[in-house]
Amino acid sequence: MDRVMGLPFKVSTTTSNFMIGVTAAASAGLYLRRGWIDPGLAMPVMLGVLAGSVLGARKLIGARTKVLRLVFALVVTVMAVEMIVNGVTGKL
């Protein structure tokens, strides 16, 4: 979104993360109802995500865009390599 639409990097990344959260929230109720989520495990994860998002939102204001781009690129690269390795080794 930042390259094609000309949005600032911070705006495009927060918008993308928001949409991922909306998608996850929409499916969470279904997964919980089907019994695919352990509430005892999900609660601490949810609290950690909430605390991390609040802290991240506060730190984002003063963060430099170049550093954010680098961190984002590294995280996406590590996740891509992990997904490729899991796909090749059959761990799905």
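Where is I37 found? Select I37 to begin the tour, and the viewer will take you to the loop between helix 1 and helix 2, where helices (H or I, at least four residues) and strands (E, at least two) are DSSP runs numbered from the N terminus.

Before going further, keep in mind that this is a predicted model, in which local features need pLDDT of at least 70 and side-chain atom pairs count only at pLDDT 80 or more, while totals for chains, interfaces and linings use all residues. Residues are numbered from 1 along each chain as its sequence is written, and side-chain values use heavy atoms, with hydrogens and water left out.

**The whole chain**

Zoom out and show the protein as a cartoon: there are three helices and zero strands, and from the N terminus on the elements run α-α-α. The radius of gyration, taken over C-alpha atoms, is 16 Å, well over the 12 Å that the globule rule (2.2 Å times the number of residues to the power 0.38) gives for 92 residues, so the protein is more spread out than a compact globule. Along its principal axes, the C-alpha trace spans about 40 × 35 × 25 Å. Buried residues make up 4% of the 92 residues, where buried means under 20% relative accessible area, exposed means over 50%, and partly exposed lies in between (1.4 Å probe, protein chains only).

Now colour the model by pLDDT, the predictor's confidence in each residue, from 0 to 100. The mean for the protein is 87, and 99% of its residues reach 70 or more; among the elements, helix 1 has the lowest mean (85) and helix 3 the highest (93).

**The largest pocket**

Next, select T13, N17, L60, L68 and F72, which are the closest to the centre of the largest pocket among the 17 residues that line it. A pocket is found on a 1 Å grid over the protein atoms alone, as an open set of points where a 1.4 Å probe fits, with protein on both sides within 12 Å along at least five of seven lines, and lining residues have an atom within 4 Å of a point. About 470 Å³ of space lies in this pocket, a volume being the space filled by probe spheres set on the points, which are joined across faces, edges and corners. Helix 1 (9–34), helix 2 (39–60) and helix 3 (65–89) each supply at least two residues of the lining. By type, the lining of the largest pocket divides into nine nonpolar, seven polar and one charged; here Ala, Val, Leu, Ile, Met, Phe, Trp, Tyr, Cys and Pro count as nonpolar, Asp, Glu, Lys and Arg as charged, and the others, Gly among them, as polar.

**An aromatic pair**

A search of the whole structure finds two aromatic pairs, and the rings of F9 and F72, with their centres 6.1 Å apart and their planes at 80 degrees, form one that is edge-to-face. Rings of Phe, Tyr and Trp (its six-membered ring) pair if their centres lie within 6.5 Å, and planes under 30 degrees apart count as stacked, over 60 as edge-to-face and the rest as tilted. This pair links distant parts of the chain, since F9 is in helix 1 and F72 in helix 3, 63 residues apart. F9 counts as buried at 9% relative accessibility, whereas F72, with a relative accessible area of 44%, is partly exposed.

I37 counts as partly exposed at 27% relative accessibility, and its C-alpha atom lies 35 Å from that of V67, which is 30 residues apart from I37 in sequence.

**Last stops**

Select L41 in helix 2, which counts as exposed at 55% relative accessibility. S16, in helix 1, is partly exposed with a relative accessible area of 34%. Finish at K66 in helix 3, which is exposed, with a relative accessible area of 74%; the C-alpha atoms of K66 and Y31, 35 residues apart along the chain, are separated by 38 Å.
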